[in-house]
Amino acid sequence: MSFTLRGRFESRLGAALAPLLAAFGLAAAITEWWPLALAGAMIGVGLLFDVAYDRWLDYQPGWAALPLALVELGAVMGVVYALGIAAPLDAAVAFFAGSWLFGQVLVHGVFPYTRLSYGEDGGELGRAGVALAVVVLAAFAFLGGVALAMQPPTVRLASGIHQGPLLLDHAQRLVGEPGAVVRGGIRITADNVTVRNVTVVGGDSGIEVDNARNVTLERVRISGAVLDGIHVRRSTVKIRDCLIHSPAGSYAQGIDISFGFDLAPSLVEGCTVIGGREGIVTHFAMARVADNRVVGTTLRALTLTEMSMAIVEGNHVEDSLGVGIYCGDYSECEIDDNSVRNIRPDQASGDKTRMGYGIVAHSGAAAVISGNDVSGVSASARAFLGARISAE
Amino acid sequence: MSRAQECAIVGGGLAGFCAYATLRLGGLAPAEIAVFGTDPDPAAQWRRRAAAIRQRRMRSESDGHCAPRSFPGLAVRAARRRRSPLPLVQSVFDLYHPTVEEFLAHVEELRMRSGWDDSFRRRTVKRIRAGDGGFELDGAAYPHVLVATGHPGLRLPDELAADRRAIHAYEPHEYAAEVEVVGAGMAAATEWVNALAAGSSVISVRRREPERRPLNLPRQFFTRRGLAAFHRSGPAARVDFLGRWSAPSYPRGRAWDEPVERARREGRFRIAAALNGAEQVICATGFKRGYREDALLAALVHDHALETAGTWIVLGSDSTVPALTDTERTLSVAGVSGQWAFPAADTLMGAKYAARGFLRRVQACRSR
């Protein structure tokens, strides 16, 4: 079609109304604002691209919609990353794709059907288009204003060493400048707290989250903790892109999420855990553990136990002692597409369940596995004490 | 003047048919519309011409149809009928061109559904006279009239008018052993391919190389993107524009090029600047042009001293005649004579452009 610039704007804004409302609904459902921020990024990037399209494209053939959408997607994700919008990649891509498809249906079917001169008007929607544009922009301004007003305050942590432990007992975003270090740990006891770009050194636990909901830890670096790198109790957390290095204590674990089975699932994604007794462990919790790298643990690399329900996918486990991935004690685990390498037998323990196995199900647990790449182990997968392992 | 019906459409061809379908969608009943024409089949004239040049596929694409809504287009209908997504995929790549049979079936189906035959009167309108609140057409009065009289006739070069070897491409004909095809547009290209397929040798007689483009005009001139600047331009610029873009053209593609190239290698196709005495001369030279060639339009201009520029009647951007259109009456021009408002007025898109403008005027008047 040969769009006019106004036609591009009106068609885009007309098609954006439903995704914007969906974003608002999603934001309300998950009590996070990133869907609205993502929708805003999509609309903003789209309108900017429309100006460029108008300059370069006298005519836009149907097939061009897909490559242009991919370029727009890249730009939207760039904006998402640059602005620090906490949208999970897969959810963001799915939202973009759904909105795009919906827009295609409107532009190629619904608008031409409902407005006789849609094509010859270059995509303009007449008075309805102006009204739609006003509604979308007003809705976005209103919802964005509400979102902004409800955002917790942002606290900037300046570069340099800050003596902890820090106590975060009200909603806030703690964002570290490059080089910001907290010595002695951080304790979070309030809902809606985000900690981003902060390095934590020492402390009993690097970051302790206690009885808090909707806590986000992004790009935190933790080293020298006496107990756990990240210690979560009765809380819901999203932990992304963290680095936990060599917890110091004999019983220290990289990330421990426990006793939140009745809460919303937690997420650990894109983290690297080096050393410690267990890399990532859940007790009586629901969690998704995805795309992490865990190396050099002395008990188990990934542990899902005590009636946990967990999805474990895309992780890389290497050079650990005894067991790579462990699903124990009546837990239910879906273990897909992980790579497990070089799990050494723990001869010293004398424990027959720890003889260098890639995946272990134990004590009535049920593990469903598929697509895992296991090598350098005594056995790929073993079940003990009434546990079951089944292939998907 | 006694008022007969709400609207009259003068011309029962495809442009008039598009206008009729648009008015029907806009809420007018068949009894409120009178259509004056010579053949109740709106595709009769077009069908004869397409058959004469043995046209098998339309130059237009999915939205080259007569239904007032552009969606669903012919590609969607074909996909549904054939139970195949192929037409849709082709349409995405601008490669879908409905067959002539598909197009004619669509016209027939729309004709049955729209009530066209209830409104059709087999009568030739010789004069349109403006009066208070409307127009008189051969004795009856109508507040809103759309003139869609079509091409004024086939154009034969003067030097061939009396030549017994010459026949127009749009008249039924077979092919002699050696054929000269005069012209370089879509009809000429179709005739090259047809004559070569019939075993003839072809000489393409043309004064200039044809343009190669998918549609009659670049696509932006089918929408407001290109039309806005066209409508802003002055009379001289518009005359220049219309003259420039009336140069012959036909689409790119192997279906056109391969038979010609093969024949060229075999010595059965060549290009010449002048006739050389071949057994048959096919004039793919299109139609007579300009309002003066159309008796009804010429009389209309004369009777009402309408503004003209070159061979065109000056129209408003919605295809209405400004001097004869106001809050109570509308005179619109659709089809090839409406190029002043829509350069590709002789296409189905152009017919619908004029029809929508006409409907807006009628509705604005009816709602008062």
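**Ground rules.** Residues are numbered from 1 along each chain as its sequence is written, chains are lettered from A and ligands numbered from 1 in the order in which they are written. In this predicted model, local features need pLDDT of at least 70 and side-chain atom pairs count only at pLDDT 80 or more, while totals for chains, interfaces and linings use all residues.

**Chain A, overall.** I looked up the secondary structure and found five helices and 31 strands in chain A. Both are DSSP runs numbered from the N terminus: helices are H or I with at least four residues, strands are E with at least two. I then looked up the box that the C-alpha atoms of chain A fill, which is roughly 80 × 50 × 35 Å along the principal axes.

Of the 392 residues in chain A, 46% are buried (20 or more other C-beta atoms within 10 Å of the residue's own, with C-beta atoms placed from the backbone). For contacts (C-beta atoms, placed from the backbone, within 7 Å), I took those in chain A between residues at least 6 apart in sequence; 43% of these join residues at least 24 apart.

**Cores.** I looked up the largest nonpolar core, which has 66 residues. A nonpolar core is a set of buried Ala, Val, Leu, Ile, Met, Phe, Trp, Tyr and Cys residues joined through C-beta atoms within 7 Å. A:I255 is among the members that touch the most others. Apart from neighbours within four places in sequence, A:I255 has contacts that include A:I230, A:V268 and A:C271. I also noted a second, separate core of 65 residues, with B:W46 and B:F222 among them.

**A sheet in chain B.** I found an open sheet of three strands in chain B, ordered β4-β5-β6, with antiparallel pairing. Two strands pair if DSSP finds at least two bridges between them. The edge strands, β4 (128–131) and β6 (140–142) of chain B, each pair on one side only. I checked β5 (residues 134–137) of chain B and found three bridges to β6(B). B:L137 has B:A140 as its bridge partner in β6(B).

**Where the chains touch.** Which elements of chain B give two or more residues to the side that touches chain A? The contact takes 18 residues from each of chain B and chain A. The elements are α4 (86–92), α8 (224–232) and α12 (348–366) of chain B. α8(B) gives the most, with three residues.

Note on methods. Buried ≥ 20, exposed ≤ 12 C-beta atoms within 10 Å, placed from the backbone. Contact = placed C-beta atoms within 7 Å.
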